[in-house]
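Reader: Hi! I have a protein model open and I'm new to this. Could we walk through it together?

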Amino acid sequence: MNLTESDLRQAADLVYTQMRPTPQYAWPLLAERLGCKVWVKHENHTPTGAFKLRGAITFVDWLKRTHPDVPGICTATRGNHGQGQARSAVAAGLTAKVYVPRGNSVEKNAAMRSFGAELIEFGDDFDEAKAEAYRVAEAEGLFIVPPFHPELVRGVATYAYELLSAVPDLHTIYVPIGCGSGICGTILARDALGRDTEIVGVVSENAQTAKLSMDAGRLIETDSANTFADGMAVRVPVADAFEIYSKGAARILTVSDDEVAEAIRAYYTDTHNLAEGAGAAPLAGLIQERAVMRGKTVAVILCGGNIDTEWFLEVMAGKTPTV
């Protein structure tokens, strides 16, 4: 998959019919903490509080144009993808059936329902919920929205287009990896704009499928993905995403849940922004690499701020949530 600068501009124009560009700020307290200039891309400021809405806008627009008779969509999520898909599908006159694993975020579930999703809990993790969503979509004549699709990536890439256009001299961007649309969109935007910025992926040490796959040069599944950074809690790698990040990422780092919790606290004390686990993971990765990034200009993607209240209070009390 490739994108041109024209592709990015067209996707951005479409995305902006439903949301405004998000800001990127260089926060001075983060710079003091880390010894480098740190730009934060605030995808926590979208209408759903996460970057996934961008891909939902472009995907549903494509779906309505290419499959006008489809009555609705079906998908699986840990929350942010589902919010974006429900909001965009319902606005386009479609139904939205969304599968989540049992024990999923209470507040993300409530948000998805508020955007019009029919929410079903199934399975013990995201990948089990995804398998059921695929089965039900085929049985009921709904259009399956996969976790990775060119139209999703085209929309998601607009956040990197905004960031790289505003700050063209970035040395490195840290991006979390779940199923891969975020890091792939960032790589494709970087390449389309002709930048030499390094893209560093960040995964949970408890959900390493992307890193294991990149290190091995082939797809590697894991037996579990138990992390409170639920946006990265993926066991099964996506082949199409792997094809992009395995070639375009400089490296993939692992971060512990304790490191993610510390990054959430840093975001709040230094910027007074809420970050969910996956949203804080890029900052946790930068904190790991602060010595080699000293004096450089870097960016972190705060991909979402939808953390449950109980978890946030636990984190701010100096603890790490367990799942």
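Reader: Let's start with Glu289: is it buried or exposed?
Author: Glu289 is buried, because its relative accessible area is 12% and buried means under 20%. Keep in mind that this is a predicted model.

Reader: Okay, and where is Glu289 placed?
Author: Glu289 sits in the loop between helix 12 (277-288) and helix 13 (290-293).

Reader: What does Glu289 touch, if I skip residues up to four places away in sequence?
Author: With those left out, Glu289 touches Tyr174, Arg251 and Leu253.

Reader: I also clicked on Gln85. How far apart are Glu289 and Gln85?
Author: In sequence they are 204 residues apart, and in space they are 35 Å apart, going from C-alpha to C-alpha.

Reader: Which helix is Gln85 in, and is Gln85 buried or exposed?
Author: Gln85 is found in helix 4. Gln85 has a relative accessible area of 0%, so it is buried.

Reader: What is Gln85 in contact with?
Author: Leaving aside neighbours within four places in sequence, Gln85 is in contact with Ala56, Phe59, Val60, Ile73, Thr75, Val145 and Leu152.

Reader: Then how do the axes of helix 3 and helix 7 cross?
Author: The axes of helix 3 (residues 52-66) and helix 7 come within 6 Å and cross at roughly 145°. The crossing of helix 3 with helix 7 is right-handed.

Reader: Which residues meet there?
Author: From helix 3 you have Arg54, Gly55, Ala56, Thr58, Phe59, Trp62 and Arg65. On the helix 7 side they meet Glu151, Leu152, Arg154, Gly155, Val156, Thr158, Tyr159 and Glu162. By class, the residues of this contact are six nonpolar, four polar and five charged.

Reader: While we're on helix 7, what about Ala160? Is Ala160 buried or exposed?
Author: Ala160 is found in helix 7, which covers residues 150-166. Ala160 counts as buried because its relative accessibility is 1%, and the cut-off for buried is under 20%.

Reader: And what does Ala160 touch?
Author: Not counting residues up to four places away in sequence, Ala160 touches Gly185, Thr186 and Ala189. The C-alpha atoms of Ala160 and Thr186 are separated by 5.1 Å, and these two residues are 26 residues apart along the chain.

Reader: Switching topic: which residues are buried in helix 9?
Author: In helix 9 (residues 209-216), the buried ones are Thr209, Ala210, Lys211, Ser213 and Met214.

Reader: What covers them?
Author: The cover includes strand 8 (198-204), helix 10 (239-248) and strand 9 (251-255).

Reader: What lines the largest cavity?
Author: It is lined by 29 residues, and Phe51, Lys52, Gly178, Cys179 and Gly231 are the ones nearest its centre. Helix 4 (80-91) and helix 8 (181-192) are the elements that give two or more residues to this lining. Helix 8 gives the most, with three residues. By class, the lining of the largest cavity has 15 nonpolar, nine polar and five charged residues.

Reader: And pockets? What is the volume of the largest pocket?
Author: The largest pocket has a volume of about 190 Å³. Its lining has 14 residues, with Arg78, Asp124, Asp125, Ala225 and Asn226 nearest the centre. The classes there are six nonpolar, four polar and four charged.

Reader: Last one: what lines the second largest pocket?
Author: Among its lining residues are Arg78, Asn104, Glu107, Asp308 and Trp311. Helix 14 gives the largest share of that lining, three residues. By class, the lining has two nonpolar, three polar and five charged residues. The volume of the second largest pocket is about 160 Å³.

Methods: Residues numbered from 1 in each chain as written. Predicted model: local features only at pLDDT ≥ 70, side-chain atom pairs only at ≥ 80, totals over all residues. Heavy atoms only, no water. Helix = DSSP H or I, 4+ residues; strand = E, 2+ residues; numbered from the N terminus. Buried < 20%, exposed > 50% of the residue type's maximum accessible area, 1.4 Å probe, protein only. Contact = heavy atoms within 4.5 Å. Axes fitted to C-alpha atoms, helices over the stretch in contact; angles between N-to-C directions. Left-handed = near helix turned anticlockwise from the far one by under 90°. Nonpolar A, V, L, I, M, F, W, Y, C, P; charged D, E, K, R; others polar. 1 Å grid on protein atoms, 1.4 Å probe; cavity = no way out; pocket = protein on both sides within 12 Å on 5 of 7 lines; lining within 4 Å. Points joined across faces, edges and corners; volume = space filled by probe spheres on them.
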